[in-house]
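This report describes selected local features of one protein chain. The sequence and structure are shown first, followed by the description.

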Amino acid sequence: MSEEGARQADVLAEVFKEGVDAVHSSPALRCRQSVAPLAAVAGVPVLIDERLREARGFAEPAAWTEGVFAPVGPSLGGAWAAGRVMGALVEIAAGHDGGHVVACSHGDAIPATLAYLSAAHDCPLPSIVGRGGWYRLRVERGRLTLTGMRPSGPA
């Protein structure tokens, strides 16, 4: 992990140290390292979930992203990646009803998932935060809000 990445992981731990019930991560080392300080401060383990992995160039499912579907392959691959991550998030949320959970994924799977959520719940897309930022998903009274966050505050 770079020095900047370590600093960003420490900021994440400082911002969200209170009330985190669980920390889930992609199996990728950089994701695990990003949430390790937060998990340590919260006193919870980092739970690995394969469904939070990278989208792998939106090449899945191969039978639907190649051949006759090649012109729309990346769109279908993005839908596949969003569906995979959503499956993980729904299961994670069901296990922590009313709690605060952190899930770490990747810069290709996250935007696909946020676009899906925004469309499905008729809420605005959050501001783009770029590297070192995060997105807060909050459900209150059945209404979803998506907020882009930077270490210095909302994006």
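Helices, of at least four residues, and strands, of at least two, are DSSP runs numbered from the N terminus. On this basis, Arg56 lies in the loop between strand 2 and helix 3. The model is a predicted one.

**Backbone of the loop between strand 2 and helix 3**

Strand 2 covers residues 46–48 and helix 3 covers residues 62–65, with Pro61 in the loop between them. Phe58 is placed in this loop as well. Most residues other than glycine have a negative phi, and most peptide bonds are trans. Arg56, although not a glycine, has a positive phi of about 55°. Phe58, also a residue other than glycine, has a positive phi near 55°. The peptide bond that joins Glu60 and Pro61 is cis, with omega about -10°.

| Residue | Phi |
|---|---|
| Arg56 | about 55° |
| Phe58 | near 55° |

Phe58 has a relative accessibility of 25%, and therefore counts as partly exposed.

Ser26 is located in the loop between strand 1 (20–25) and helix 2 (29–42). Is Ser26 buried or exposed? Ser26 is buried, because its relative accessible area is 1%, and buried means under 20%. Its side chain makes a polar contact with the side chain of His106, at 2.8 Å. Leaving aside residues up to four places away in sequence, Ser26 touches Cys31, Arg32, Ile48, Asp49, Leu52, Arg53, Cys104 and His106.

Definitions and conventions. Residues numbered from 1 in each chain as written. Predicted model: local features only at pLDDT ≥ 70, side-chain atom pairs only at ≥ 80, totals over all residues. Heavy atoms only, no water. Buried < 20%, exposed > 50% of the residue type's maximum accessible area, 1.4 Å probe, protein only. Polar contact = N/O pair within 3.5 Å; in protein donor to acceptor, adjacent residues only side chain to side chain. Contact = heavy atoms within 4.5 Å.
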